[in-house]
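Hi everyone, thanks for making time. Let me put the structure up, and then I'll walk you through the parts I found worth a look.

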Amino acid sequence: MKALVLLLGAALSVRAATYYVTVSGLGGEPDYEQRFGMWAADIGKILKAGPDSADVHVETLVDGTREQVRAALDRVAKQAQPQDALVLMLIGHGSFDGVEYKINLPGPDLSAAELASLLDRIPASRQLVVNMTSSSGGSIDSLRRPNRVVIAATKTGTEKNATVFARYWVEALRDPAADTDKNDVVSALEAFRYADKKTAAFYESQKRLATEHAVLEDTGKGDAVRAPSPENGEGHLASTFPLLRIGAEANAAKDPARQELRAKKERLEQQIDKLKYDKASMAPEEYRKQLGELLLELARTQEALDK
Amino acid sequence: MRLLLAIACAAAALSAQTLEQAESLWKQHNYKQANDVFRELVKAHPRNAGYRVRWGQLYFERFQPADAADLFGEALKIDPHNADAFLGLARVAAQNFDSKAPEFALKALEANPRLLAAQELLARLALEDNDPVKAAEEAHKALVMSPDAVQAKAVLATIDWLNDKPETTWDPHTGEAYETAGAIFVLNRRYEEGIRFFRKAIELQPDLWSAHSQLGINLMRLAREDEARAQLEMCFENGYKDKPTVNTLRLMDSYKNFVTYKTDTTVLRLHKKEAELLHPYFETEMRRALTTYEKKYGIKLDRPVQIEVYPDHEDFAVRTMGMPGLGALGVTFGYVVAMDSPSGRPPGTFHWASTMWHELSHVYVLTMTQHRVPRWFTEGLAVHEETAVSPEWGDRLDPHVIAAIKDKKLLPVAELDRGFVRPSYPTQVIVSYFEAGRICDYINREWGWNKLLAMIHDFASGASTPDVIQKELDMTPEQFDKHFLTSLEAETKKTVDGFEDWRKQVMKVAEEARAGKHDEVIRDAVPIRDIYPDYVEPGSVYQFLSDAYLAKGNKPAAIAELQRYAKAGGRSPDTLKQLATLLEEAGNRKEAAEVLDRLNYIQPVDEELHRRLGDLWFALGNTPGAIREYRAVLAQTPTDPATSHFDLAKAYRASNQPAEAEDELLLSLEAAPGFRPAQRMLLELSR
C-alpha cells in the first residue's frame, strides 16, 4: 500500500476531495426495493461518518431516475478538480442483451455507454465505479478507461440472477477487518477482496451454486479478472485507491510537524515491502531476522508518531 | 394371398435373422450394435414381448437397470404373464434392495412354475434378509427343479460357511457360486471372508469381471488401495464399466487431494481444503471415543482405525454404493470408517461427532463378534452410544417414527434386520434405526450394560437373535417385544397422542408469528411446547417463543427458550449463535462459550464461530481453547489475517509460549506492518 501513503502525502498540499455517488435502482418487488434502498442508505451514512468527512461529498439516490443520475454526475463534473476522486456505486438489477448493459431505474433505464460518457466529463483523475447489479459484467467494456477502477458483481452480462455482492460491499465499509494492512484506509482492492470472499462464502454456506463472480479491471485496457494480482497486472490502481479512511491516518497526514518521522516510516515500509518481495530467495532464518528488525524499528517510529 | 404369404414369410425370416444377429453381437461383446439391432427389432415388432425382455436383459447386464426395468414393464403390458419379464424386474429390484424383489420373483414363478432362476433368486433374497431357514427351503425347491442348480447350491453352501462350517456338501465349485457367497458375506459385513470368496471365484473363472470388481471395491473399503486399483483397472480395461467400478476408480483418483494424519491408534484422511481446520477437532474426538470404547467394550484394538472424511457427498456415496440401508452419513468397513464432512451438508443438519461415535462403535462390535452380529443389534448399539455421549447428540424422535409407533409398524426384534436390508416403506430404515437404538437403550436401562456386552459375546459365537434374547433376557423374542413396546409407548405417549393437535397448533403459532402477534404466540405456543419437545427443526416452538419474547423485550425468557432448544438437541448454527449472543449480553460468557463450542461438533467450517469462541475463551482465561479456536480461524484463510495472527499471538503469550507468540506476531505484522496493537506487543516483547 505504499503508493497509497504517497497519495495521502500528496493530498496534504492540495486537499483532494472525494465525490461519492450511490444509486439504488428498481427492486421490482418489495423485498428487493427495501434491500437495495437500505444498502444505498447505509453506504451514505458510513461515508458521512468518516474521520475526514469535510473532504467527502456524498450523494445517495434511492430509486434514482436516469435524470437524477445525470444531474448528480453533472454536479460532480462541475465541482470536481483533477486531483479529486470519484466513486460511483450502483445497486439493483441490471440487464444485458448481448450488446448493451442497462441498470434498471424508475422510468427509462441508463445504459453503460451513457454512464461512461457522463463519467468521462468528470475531471476527477481517479475514478472508481462499483457496479453491483445483476449482469454488471456486461458494463465493463463500456466503462473501462485508464485511471478508472471498474468493479462488477458479475463476471459477464449473462450472470442475470439478483446479486448479494452489494451486501458485503457495505459490510466491507463497516467492518474494520476489511482494512487488511491496518493502515486505517480501506482501499478499493481491500473492499473488493472482502466482498468477493464473503459473497463466495454466502453461496457455499447456503449450498447453492454461485450465480455471481465479481471481477475487477483497473488498467483501462485489460480483461476484468476474478483475482487481481501482480501476475495478471490488475489491482495496482485499486490498491492505491482510498475508498474509506477509518482512523487516525488521515489526521496524522495533516500534521506537518511529523514529516520527518513519516518519511522514516515510509522508508521502513518500503524496505519491508522489498524484503517480502525477496522472501522466496532468502534463507528463512535470515528473512525472519531482518523482518523482525525492520518491524521493530517501524513500531518504534509509529510510537513516536503517536505521541 | 400368395403375395401376402410371401411377405409374411420374408418378415419372419428377417425377424429370426435379426434376433440371431442381436444375440450374436451380444455374445461377441459388441453391445452397442446389439442394442441397435434390438431397437430395430422392437420397432418392427412392437407387440413382441419376448424381444423387449431380451433387450431388457442386455440393458441389465450392461449396467442400465432403469432402462431394463422400463423394457420389462413394457413387455408385461403386452404379455401380462411373461415370466421372464417378472424375473427381470425381480433382479432389478434385488439389485436395489427393493422390497418388491421377492414379489416379482413369486409372480415369475406363478407365470412359469419351472423358472429355475426365479426360484434361486427367492433363495438368495431370503438369505440377504438374514433368514437362512427360508433361504434353505427355497434353495431345496430349486434343487427339485434341477439337481444341478448352481445358485441354489451356492445359497446352501453359503449358509454353512456363514455358520463357520467350511466343509459343506453343497459347494458347487464354480466361480459364480463363490461370487454369490462373497456378496452375501459382504452383506453380513464379513469383508475379509467375502474377499476370500471373490478371490476363489476369480481363480476358477479369471474372466468373471463382476467378481474382480467386487474384489476391488471391497479391498478399497478395507483401505488396501494398491490391489484394489489393480483389480478395478483390470475390469475397466476389459470393458466392465459398471457404476461402482468407474466411480470407485474416480474416487481413488481423487485421493491425491487428501491429506493423511497418522498416530499410533488413528489414521485420519481429510480433504486438503479443510484438513488443517478439521484435523484437531476430528483427531481429538476420535481419540476420546476410542479411549471411552476401549474401557466400555473391554477390548483393545490391534491396529489403528482409519476415518475418511468426504466434503463431497458424492464421493462418500461411492463408498456406500451397493450397500443396503441408508448409509447416509457414515459407514464402517472393519477398521475403516467413511463419513461425510460437515462442509458437505447444509449447516445444522449434521452432527459429525455423533456420526463418528456411531461408526466407531461399529468398529468395536464388529471386531468383538468377528462381524457375526445382526444388523439391528450393531446399529442399535451405535445409536445408543450417540446419546450415551451426550443426551443432546443423536437423532430426535421424528414425525416418521411417531407415525410408525402410532400405526404399530415397528418390527418384532427377531425380524428387525429386514427393516434395514429390505425396507417395505420409504422411511422404514429411519424407523428401524430408531427402534434398534431404543431397544438397546431399554436393555441397558433394565438389565445394565453388562447384559449388552454379554449379547455381543453371544452373537460372536454365532447365536441367533431369538436365542440371544432367550439366553440373556430370559424371555422369548415375542415376550421381549411386548415388554419393550409397552415401555416405548409409555415414553412416547404424550407426543404420539398429541402429535396431530400439536401440528395444527404449530401452524397457528406460525401464522401468529408472521403477523407479529407476539402475545398470541406466547399464549398458544407455551402449552404445546412440551407435547413434542424433540421437534427442533426450522419452525420449532422454541424459536417462535424466543422471537416473541425478544420482540417484547423479555430477554431472560428468550434465553430460557433457546436453552431448552439447545438441551433438546437443536442444531441450527444461527439459533445457537443467537443464544450465545444473548448470554453474552446477559454477562454469562462461560455459558455463551459452551453454546458456541457445541457448534464445533455441528458446523466447524465457520470463521466467525471460531473468532467469537476464541475471544470468549481468551477472556475467560481458557488459553488452550482460545489457541485452538484462533488456529481454526487461520486455517480458513481469514479475511483479516493480521488480526487473526495477532489474536493467536495474544493467546500464546497468555499461555506462556513466547516463541509461538513471537512467530504469530511477526506473521501479523508481515501482513500489516502498520497494525498498531501488534506493534505495541512487539515493543513490549522487545523491552
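Let me begin with chain B, whose domain assignment gives domain 1 (173-238) and domain 2 (257-493); such bounds come from an automatic or database domain assignment. The C-alpha centres of domain 1 of chain B and domain 2 of chain B lie 26 Å apart. Their contact takes seven residues from domain 1 of chain B and six residues from domain 2 of chain B, where two residues are in contact if their C-beta atoms, placed from the backbone, lie within 7 Å. On the domain 1 side of that contact in chain B, three residues are nonpolar, one is polar and three are charged. For those classes, Ala, Val, Leu, Ile, Met, Phe, Trp, Tyr, Cys and Pro count as nonpolar, Asp, Glu, Lys and Arg as charged, and the others, Gly among them, as polar.

A word on provenance. This is a predicted model, in which local features need pLDDT of at least 70 and side-chain atom pairs count only at pLDDT 80 or more, while totals for chains, interfaces and linings use all residues. Residues are numbered from 1 along each chain as its sequence is written, and chains are lettered from A and ligands numbered from 1 in the order in which they are written.

Now the scores. The model has ipTM 0.75 and pTM 0.82. Chain B averages a pLDDT (the predictor's confidence in each residue, from 0 to 100) of 93, with 96% of the residues at 70 or above. Residues 1-15 of chain B are below 50, and beyond near neighbours in sequence that stretch has two contacts in the model.

As for the overall build, chain B holds 34 helices and five strands. Those are DSSP runs, numbered from the N terminus: helices are H or I with at least four residues, strands are E with at least two. The C-alpha atoms of chain B fill a box of roughly 110 × 60 × 60 Å along the principal axes. Of its 687 residues, 49% are buried; buried means 20 or more other C-beta atoms within 10 Å of the residue's own, exposed means 12 or fewer, and partly exposed is in between, with C-beta atoms placed from the backbone.

Which residues of helix H19 (residues 399-406) of chain B are buried? They are B:Val401, B:Ile402, B:Ala404 and B:Ile405. Seen down the axis, these fall within an arc of 165°, so they line one face of H19(B); the arc is that of the directions from the helix axis to the C-beta atoms. Their cover includes helix H21 (428-447) and helix H24 (477-514) of chain B. Just after H19(B), B:Lys408 takes a positive phi of about 55°.

That brings up backbone angles. Most residues other than glycine have a negative phi. B:Arg189, though, has a positive phi near 60°, and sits in the loop between helix H10 (175-187) and helix H11 (191-204) of chain B. Why does B:Arg189 count as buried? Because 21 other C-beta atoms lie within 10 Å. B:Thr637 also has a positive phi, about 45°, in the loop between helix H31 (623-634) and H32 of chain B. B:Thr637 counts as partly exposed because it has 13 C-beta neighbours inside 10 Å.

On to where the chains meet. The contact takes 20 residues from chain B and 22 residues from chain A. On the chain B side, the elements giving two or more residues are helix H32 (641-654), helix H33 (658-671) and helix H34 (676-686). H34(B) gives the largest share, five residues. By class, that side has 12 nonpolar, five polar and three charged residues.

Finally, chain A. An open sheet of three strands there has the order S4-S5-S6, with antiparallel pairing; strands pair if DSSP finds at least two bridges between them. Its edge strands, each pairing on one side only, are strand S4 (94-96) and strand S6 (110-111) of chain A. Three bridges join S4(A) to strand S5 (residues 101-103) of chain A, and the bridge partner of A:Ser95 in S5(A) is A:Lys102.

A:Leu244 counts as buried because it has 27 C-beta neighbours inside 10 Å. Leaving aside neighbours within four places in sequence, A:Leu244 is in contact with A:Leu47, A:Gly50, A:Leu173 and A:Val186.
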